[in-house]
Amino acid sequence: MGRTGDWLVARGRSAVHAPGCWEALLTRIAAAGTDRPVSRRPGAAQVAATIRESLDAAALHTVAQRFVSAEETRDLLLARADQQSAPTASASASARQQWEPDPLFVGREAELRQLTALLEPGAEQPVTPVVIHGLTGTGKTSLALQFAALHSGRLRPVLVDGSNRAALRFDLGELADEADRLDRPRRSADLSGPVAASLPGGFDTLLIVDGVTDPATVQGLIPRRSACRVIITTTTGRVDEYQHVALGSWSTEETLAFVSQVLPDTPPAEAESLAVHLGGLPLAVNQAVNYCRTVGLDVPGYLDRLRKAATSLLGKGAASGHPVTVAAAVQLALQAVEERNPLARRLLVLLSHLGVEAVDTALFGEEPIRPFVIAAPSVPPARRGWRRLLRSGSPPPLGGDCFTRSDEGWQARSDLHDDVRRDEALACLRAFSLVALDGGRVSVHPLISLLIAEGTQDSATWIETAFGLFTSQLQAATAGSPHVLDRHVGHITKIVDVALRHDMHGPAVLAVGHALVGRLCALGDEEVAIRLGGELLTVAERLPRDYPARHHMVFGMRTALVQAHSHHGNPETALELAMSNLTLAQTVRDAQAVTRAYLQLGSAAVYLGRRDVAESVLGHIPDMAEIERLKASDQATRALTAAHVRWRLLDLTNRLEEGAEAVAWSLACVRELGDRLPGDLVRIVHADAAMVGRLSRDPDLPPAYRYGDLREEPALQAERTDRMHFKMRLDRADVAIEQDDLRLARELLEAVEAPLTAQFGVHSMMYAAFLGIRGRLRLHEALAGHRPPDAAILDLTAAVEELRGTTGPERRSNLPAALINLAHAYALQGALDQAEAAAREAYEEDLRTYGPDHPETRIDLAMLTTLRTPPPRRTPP
């Protein structure tokens, strides 16, 4: 027993426990040497495929029962010694050395609360291990260690290496030397399934298994429930049936908090810009602030370097506690993906050349298309149709250098068309936390996209492949559903921008770019629309005169830019572009293009309130007889468009009776053709009819002239976020107010506010239009005695202030109406001077636009006259 006592002392135990330990060991040896009755049923360890294997297994089982290993001997002696000397849990916790929390640790309050709820520190019952998973650099280890430090008063934290199974088994073996359980099972067998040996340590132990890269590493070593608390950190998306805590990037607020601690002189706006450019990835932010602090650089300087050489910069500025930089971590992950599934790496490269939004994986299930992004193909003149210039046929009528030199992107796109191979590639990327999957949509962290795209040698093949993904969407857009592009607009914007920077000027680039400019304008991003549209127009105008469909490309690009400049408040530029389109159509002697150019010029005149231009255009657009002929030739959409423009021009020039004829014809056409017409065009016709009814003030007009179109939005329109969609929804609310259905109007406005604000923001013409209509609703509620007029005045004043700051079409259509309603609200409040000032401003606006004899102007004048007329004197009693 002397040697047993010395052995215990060498391991931090007292020699006084040697007798008890020696007695426990003898008991175990005696049990191993005792013969037991043999069961008639062979156990699981004895069953094998052959008699020979069964005999061998039985022999090994007998040896295992009679053999007491050195490991088991050590465990038994230490466990008995600890059992005899163990103090209470609270005394043990107070005596042990505690970890100190990181004072620079920011955020993650929700995750820390989640870990506390799952691991239940201080509770004496088994719990399920917790897996913290996420992209490299999200701070998984930092979160685990911070949790351990915050609870080290109740939990004894132990950090072990989880990078490979051998290392984990070794660390658990070392930990077993300090075990505090006598009956802990032996680890001589390497279990690899759901059954696992219990872990050393008890309810007051926290085991952190850090850096697991393969789920098999922990299988059979970490049980699914344990008295010992367990946290596993991994980049793998799913590890066994444990509890999972997904860790993403920092929020902007968390990034600002960290930067303010390390670089306290950094302005919040610069820190926010850093958060956006680095996607809030904690490791990247940590590297950035360390680099700035080391070289004495400010945040704008760092971001400038990031734009020029992201890979080089993100390989510097090592972060405390992380062995590799962001750039190195991404490169290591790519190498691992390449080894496991080469198609997954190519998918990641393709995704990295798209925008930051999630990508609909259903796009890969559509027929692969290889578009012409370099140049137009050499095809016979008779086959130069617009759509033939977008992609190859079968067989492709090719000649010349139309495709990129590398076929890697095209081959990857063809392989990803296979559902099973695509699923395997996505699963591989998800296993390394390189992508996130949510409801059939896949996204890549922007910093990973930046590093991979910058490190790609031949980006042209991937841009070509990316254009192919959206060419089918373009065909749907040109067939009458332009809003189908909206959910992909971020991706299309990026690939068009990159294509132009790489001098890729093929017809697919120009066609997709043309559709993109129109959608950007519809979604309220006129600045980007004007920038990209201007670049695309320059490319189209420089094409050779004999380039297939050149004048169609130039005409289409100018058309999109007319709309963008009109809404952006550049009336002269818009009119100049419309006039240049008319000149182009006349030069190429295209009669249909000439008519389209005049209609476009007329629309611009209406948008901008230019009566002089409207008068000159009216004689050149189709009259009602020509419009009827268009309808008879199965061109109903063009006919209704021409009738709409005709009505708006006649309204602007105060020829309302002629205009009403065009609207009446349009209503009849809609009743006849119904669902065969585009939904937006039908709603435009009903809005025109409601406008005629309002201006005529004729009570005998049919309901269509009084109420417009109050039908519910079709289900397929629910996700639309474009300008036309919101305008129609606001019109529905306005018509409900006209019907005195204030409850319906309130419901419609409440439903539209959040999505409209998310798309256009509160400092926009669309939100000003919303405020104008909500102010009118609140005015009617005040007139009904339901509320004071203060809320109406607040809304209408905000709308007026926003609308005054623009020269776009929203000012002409919304400002006078908001001012007249504001005058009513002030009058109701008794503030007659403010009411008169608002009515006078409305009158002057409409006078400039319509002249003195238009009903809009006369309505304003009547209101102004009423306010100027003094109230009659009361006769004294």
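Q: Is Y302 buried or exposed in this model?
A: Y302 is buried, with a relative accessible area of 0%. Keep in mind that the model is predicted.

Q: Why does that count as buried?
A: Because buried means under 20% relative accessible area, and Y302 has 0%.

Q: Which helix is Y302 in?
A: Y302 is found in helix 12, which covers residues 299-308.

Q: And what does Y302 touch, leaving out residues up to four places away in sequence?
A: With those left out, Y302 touches L274, A288, Y291, C292, L297, L313 and L314.

Q: How far is Y302 from V289?
A: From C-alpha to C-alpha, Y302 and V289 are 9.1 Å apart in space, and they are 13 residues apart in sequence.

Q: Switching to D415. Buried or exposed?
A: D415 is buried, at a relative accessible area of 14%. D415 has its place in helix 16, residues 408-416.

Q: What does D415 touch?
A: Not counting residues up to four places away in sequence, D415 touches L343, R346 and R421.

Q: Next, helices 15 and 17. At what angle do their axes cross?
A: The axes of helix 15 (residues 342-352) and helix 17 (residues 419-431) cross at roughly 80° and come within 8 Å. The two helices are therefore roughly perpendicular to each other.

Q: Which residues make the contact?
A: From helix 15, the contact is made by L343, A344, L347 and L348; from helix 17, by R421, A425, L426, C428 and L429.

Q: How many of the residues in that contact are nonpolar, polar or charged?
A: Eight are nonpolar, none is polar and one is charged.

Q: Over how many bridges do strands 2 and 3 pair?
A: Strand 2 and strand 3 (residues 205-212) pair over six bridges, in the parallel sense. P157 stands opposite L206 in strand 3.

How values were computed: Residues numbered from 1 in each chain as written. Predicted model: local features only at pLDDT ≥ 70, side-chain atom pairs only at ≥ 80, totals over all residues. Heavy atoms only, no water. Helix = DSSP H or I, 4+ residues; strand = E, 2+ residues; numbered from the N terminus. Buried < 20%, exposed > 50% of the residue type's maximum accessible area, 1.4 Å probe, protein only. Contact = heavy atoms within 4.5 Å. Axes fitted to C-alpha atoms, helices over the stretch in contact; angles between N-to-C directions. Parallel < 35°, antiparallel > 145°, perpendicular 65-115°, else oblique. Nonpolar A, V, L, I, M, F, W, Y, C, P; charged D, E, K, R; others polar. Pairing = 2+ DSSP bridges.
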